[in-house]
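Hi,

Here is the model I promised to pass on.

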Amino acid sequence: MTLTEPKNLHSPKPERASHAKSPHKKTAEEWIKANLFNRWYNSVLTIAFLALVGVLAFFSVRFLIFTGNWEPVRENLTLFMIGKFPRANQWRILLQVQLITFSIGLAVGIYLTKARAAGKASATTKNLIYKRFWALALLIVVLLALTKSFLPLLFVLAAIAGFTISFWLGRLTPKSLTGLASYISALCFIISFQILSGTGGTAWAFTAALTAFSIFRLAHKKELVLIFRILAPAISIAAVYGIYQLPFIKIEGIGWKDWSGFHLNLTATVVALAIALPLGILLALGRRSSLPVIRYISVGYIEIVRGVPLIGLLFFGNLFLGFLVEQPDLFSGNDVLHAITIPLRFLTDKVSSFPAIARAILVMAVFTSAYMAEIFRGGFRAVPSGQHDAAKAVGLGRFTSFIWVTFPQAFRAIIPATVGQAISLFKDTSLLTIIAVTEILHVREIVHGQRDFMGVGIAETLIFVSFAFWAISYTMSKESQLLEAKLGVEKR
Amino acid sequence: MSDSQRNWGQNPWFVLKVVIQVLVVGLVGLLFWYLGNNISNNLNNKNLPTGFGFLTEPTNFAITDNQGFDSTLPFWRAILIGIQNTVLAGLIGIAIATVLGTIVGIARLSTNWLVAKTASIFVETFRNIPPLCIIIFFSAALFVSGPLPIFSKSYIVKLPFINENFLLFSNRRIAFPGLASDGNVALFWWLILGGAILAIAIFIYRTFKHIATGASHHRWLWSLGFLIVFSMVAFIIADTPYRFSWPSISQDGRLLIGGFAASAGYLSLTLALATYTASHIAEIVRGSIQSIPKGQSEAAYALNAFQKYRFIILPQAFRVSIPPTISQYLNLMKNTSLGIAVAYPDIAALLLVIGVGNKNPAPQSILMMMAIYLALSLIISLVGNSYNKLFLSNELKKVATQRA
């Protein structure tokens, strides 16, 4: 069952023969003749489709703008966006959005500077930006048009300002500080999620991992003594842990169970992907392992998870997990068994205290990790074996050659497929409604349970929800196609 | 491999590997044993059965659209109905999606700007919306906002010259003309199964004969012709098992009689999944047609457009498109589990929602559901892969014999 390997089937645009590069620009008449009435059957098709498209366009525009009843959406826009998120804590979401725009702006600025310096970046005109992000812009415009106050507009303007500032900060960063700037960008992204989850528990681990990685790279670049290369990350992990214990750093979290609305769809995607990526790498490595036991376990995990629909796994998390982990006082009579199972008890106690949303997101992570493992496997296979031989010839060990030779090349090859998986994960978050988690589609049901909107505007709310999903998936898929084309060009 | 041939004492790495594996097996075993213990204890605490005995006990519930199903029948009969419903939605969905996807994929490459643009809007719209939204959309568009429970005259389509209903439309069902079974249905289908196997054998025989002698094979003509003639004979042998039946409304105007009545859940699930998957298949079709080197199409300039596609482009593109298409079929089969949202009694809904709601033990139900879906996925990928292999090897053989 090795069917889903990353394959370059989607070239960015269908080439049409009639679009041959002509030296002079065509007039409107010539264009119509060449593209609509070049053959007799094309003329027939054009007229038939003109009638069909005209009728469809007429009715949909009439519905969308004139006859549609958008009151259910307009009245409940906040509910659709953040669901039952505690209103007193709304500032967390606002701050999160600002931090993420800042982080993305900085990253884009740094990337552009780097690409320009390497002479790789094609001129990004305003026209191109409009072509790439029109769906996202349309979503924001629609949301603003549906609001009842001007505060969201101010918020969006602030986000745009933040993006612009951070973009130019990134563009103007001197070359010696790019490492620091990338670190800050990634840190902002991680912190934006810790604002939701709070700094207690294992939140520090993500920041620590990022910091240790950055310092490790810096030490490697500066060619420090080996002991420093190992010590510096270790010290930084301890330092981050210390910082997170400081009283004025600590913030209380919002429980998972309060995440909801469209915000949950987006957050769940990011969180599940963040868990699934490392798990997927481990599984892919396990599948390549020379130890048969580990190989069989990985293969079993991957194939079972891929063969079962996500709904089944979500029900597993909802109905089955309780039976697995909630444990009555089992081995209280037997000291030996009691001692052996203490670590397992700790684990299962932790899991059984998870709310339904946390379980659902974990299940989605498990589901995605199996697909990610297959994508990574394809990526590892795409690295020519000569690379591995060359690394061996230079004298690199198995581990070092994997980290510095195989992995970077494989990672670059799998980015488009990973974005595709992220899109599919994002679309799959709509399934959470079936286990009664209040994501956006479930909010729609809540709205139609309200006294005023019972059976009113069923189509309108559904179109709104679908449009929210569509705008984000469409933008991501276009970006991934561009990326794929770019990577493909670089490969040649 | 070389490790295992060496002496234990000479190779410390080999010992380490064995120790690691034994440790892993031990840990996993411990985990499973511990969790299994938890399950059985929890089941006992909640007074639920620990085995699979619940399968043979009466269900105490009825299944929508299966009037033949009785609440006194054992639960495994309900599971069979669930499998039948899942496969029915999946196979019909696959058929529609393949046809629609191929047409849209080819339309995207049309030289007609309007046709290509319409096709690409179709693809980009349905590809980027969650299938669940499409299912709910179809259900809302066709049934919830459609006519009311009692049949309204305006939604009955009649054929000219015949005083029979062609299409009946209510808010729960759409009825088409269908076949009503009587007589020996089981015998008829067994005969058809035998005939199909014989037809496949004829297909393979013609192919081999073609390779051996070089004479034109006409394998589709031979095998399909045989199957048609055989099923006619079988129809007579089984004493006309099916009659044609028009849909009609009962005297009190509340029930559908005759014809083939598709339920709201089934129609919205199948149509939605077919549209969603068609948008993916269209991309595959377009990608695989574009992956054929330009030289091929230039070399086919001597042929007309139909011949070029029929004999040069499509056969090559078809081979490229098989593996990703099988993976889309698998996705569609798994997505039928979304029928829960429109109350379609597929296997997941029957086991997990209706079954567990009727006090069936959840762990066993979920394990059974996973096993059934795994089996379905395995069957589809097995059929697909063996078809792929057969097809490819056939092509290779042809090339080989032509060169020889």
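H3(B) passes H4(B) in a left-handed crossing (left-handed if the near helix is turned anticlockwise from the far one by less than a right angle, right-handed if clockwise). Helices here are DSSP runs of H or I with at least four residues, and strands are E runs of at least two, numbered from the N terminus. The two axes are 7 Å apart and the packing angle is about 130 degrees; axes are lines fitted to C-alpha atoms, for helices over the stretch in contact, and angles run from 0 to 180 degrees between N-to-C directions. H3(B) and H4(B) are therefore oblique to each other (under 35 degrees counts as roughly parallel, over 145 as roughly antiparallel, 65 to 115 as roughly perpendicular, and the rest as oblique). On the H3(B) side the contact uses B:Val104, B:Ala107 and B:Arg108, and on the H4(B) side B:Val115, B:Ala116, B:Ala119, B:Ser120, B:Phe122 and B:Val123. "Contact" means that the C-beta atoms of two residues, placed from the backbone, lie within 7 Å. By class, that gives seven nonpolar, one polar and one charged residues, where Ala, Val, Leu, Ile, Met, Phe, Trp, Tyr, Cys and Pro count as nonpolar, Asp, Glu, Lys and Arg as charged, and the others, Gly among them, as polar.

Before you go further: this is a predicted model, in which local features need pLDDT of at least 70 and side-chain atom pairs count only at pLDDT 80 or more, while totals for chains, interfaces and linings use all residues. Residues are numbered from 1 along each chain as its sequence is written, and chains are lettered from A and ligands numbered from 1 in the order in which they are written.

H3(B), residues 75-108, also packs on H10(B), with the axes coming within 9 Å and crossing at roughly 140 degrees. That makes this pair oblique as well, but the crossing of H3(B) and H10(B) is right-handed. Here B:Gly90, B:Gly93, B:Ile94 and B:Ala97 of H3(B) meet B:Tyr329, B:Leu332 and B:Met333 of H10(B). This contact has five nonpolar, two polar and no charged residues.

Over in chain A, H5(A) (residues 90-117) and H8(A) (residues 178-197) pack at about 160 degrees, axes 8 Å apart. That makes H5(A) roughly antiparallel to H8(A), and their crossing is left-handed. Among the residues involved are A:Leu99, A:Phe102 and A:Leu106 of H5(A), and A:Ile184, A:Cys188 and A:Phe189 of H8(A). The contact divides into 14 nonpolar, six polar and two charged residues.

How do the chains meet? The contact takes 65 residues from chain B and 58 residues from chain A. H2(B) gives the largest share of chain B's side, 16 residues. By class, that side has 39 nonpolar, 20 polar and six charged residues.

Now for confidence, where pLDDT is the predictor's confidence in each residue, from 0 to 100. The complex gets an ipTM of 0.85 and a pTM of 0.85 from the predictor. Mean pLDDT is 84 for chain A, with 90% of its residues at 70 or more, and 82 for chain B, with 87% at 70 or more. Values stay under 50 over residues 1-22 of chain A and residues 1-5 of chain B. Where pLDDT is low, the predicted coordinates should not be read in detail.

Cheers
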